[in-house]
Amino acid sequence: MSAWVLPDHIADVLPSEARHIEELRRQLLDTARGYGYELVMPPMLEHLESLLSGTGEALDLQTFKLVDQLSGRSMGLRADTTPQVARIDAHLLNRQGVARLCYCGPVVHVRPDRPHATREPLQFGAEIYGHAGLEADTESLVLALDCLHAAGVTDNVLVDMADARIVRSLFAGVPVDGSVLGRVHAALATKDTSELRALTRDFPAASRDGLLALVQLYGDAKVLDEAQRVLPDTSAVREALADLRQLAGRLSGGANVSFDLSDLRGYAYYSGVRFGIYVDGAADALVRGGRYDEVGAVFGRNRPAVGFSLDLRELVEVLPARPLRAAVRAPWSDAAGLRDAIAALRRRGETVVCVLPGHESEIDEFHCDRELVERGGEWTLQSI
């Protein structure tokens, strides 16, 4: 095998796309900062028990594992940043009030999570800790939409909502082991009614009928009325449906809203309202988020938490390519006046490309639309 061949689903990012990704990274972090979110940078690897605490089997199977040669302990490369941010909130910041935190960095997956996906997403996310009210859920969803708008995604945006409390309430008091629970979740996600009916045949009638009803509960706002009619009348179901209605009502124009009450995709730590944002050109939800109040429990602080994340490399795929960046072309010379002129332009934020001897006709990432020329002993800009 050639030394330059990379592993499957691992790829280099070349100049134009790399510039686009970096510009997006800055835009999204600036958007989050505008809401008061502080940037954190968790490590790429840490002890396995910390990295996977409370996250469930799905994240465990996606995590690369290795042995620390210094301590002999098992370590992992992060497959998701949320548990790390929960650890930072719980043990390093340890604030009593609200903490708004954002991050952007690579994560690594054992397997791609969809066909043709990378195993090295560049994950951006924003999370708010310390507030249990729906105001935090609203802020998180509005910020997610603002981030997409800042990136240039404005048309045909669909926000799809669910709530983990509904499914949890249907399992309340039902003795079921983890393997059966996982198969039920999978059947709900794929809307496999026959499999779901077989798995729940020994469940209490109310739980079985409620789970079977969930498979049909997807669509527009009428779904919530139907859910209120067919699902068990419990406080958890009532509260979940009321929150979904209120959250959908708080979204301003520009995004369509739908509901899929059997959607259980994602990691095990979701505890309340969950959302996915779909846009044209993306194979799956471009943004996933929601409430995960229990994510910090394993770190000793069970604080309310809500947030979202997206993959910048996936985001770039649904956006048009950006034009080459405008630049200034300058001749290569040791003339003091030229060096001073180039330095002044660069201090103003201009890109100045010095053309090396013999390479005058080469083309690269930059579009040189102006050039430095000498006139009367002074170097001035001239349009090309």
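This is a predicted model: local features need pLDDT of at least 70, side-chain atom pairs count only at pLDDT 80 or more; totals for chains, interfaces and linings use all residues.

Residues are numbered from 1 along each chain as its sequence is written, and side-chain values use heavy atoms, with hydrogens and water left out. Helices (H or I, at least four residues) and strands (E, at least two) are DSSP runs, numbered from the N terminus.

L338, A341, I342 and L345 of α13 are buried, meaning under 20% relative accessible area, with exposed being over 50% and partly exposed in between (1.4 Å probe, protein chains only). These four lie on the same side of α13, because they cover an arc of only 100° around the axis; the arc is that of the directions from the helix axis to the C-beta atoms. On the face turned away from the buried side are the exposed residues D340 and R347. The buried residues of α13 pack against β13 (325-331), β14 (352-355), β15 (366-375) and β16 (378-383), with contact meaning heavy atoms within 4.5 Å. After α13 comes G349, with a positive phi near 95°.

Next, the rings. Searching the whole structure gives three aromatic pairs. Rings of Phe, Tyr and Trp (its six-membered ring) pair if their centres lie within 6.5 Å; planes under 30 degrees apart count as stacked, over 60 as edge-to-face and the rest as tilted. One of the pairs is F124 with F308, tilted, at 6.2 Å centre to centre and 55° between the planes. F124 is in strand β6 (residues 122-129) and F308 in strand β12 (residues 305-311), 184 residues apart. F124 has a relative accessible area of 0%, and F308 has 2%.

Last, the cores. A nonpolar core is a set of buried Ala, Val, Leu, Ile, Met, Phe, Trp, Tyr and Cys residues joined through side-chain atoms within 4.5 Å. The largest has 71 residues, of which M161, L214, L261, I277 and L315 touch the most other members. Helix α5 (residues 134-151) gives the most to this core, nine residues. A second, separate core of 15 residues includes A90, Y270, Y292 and A305.
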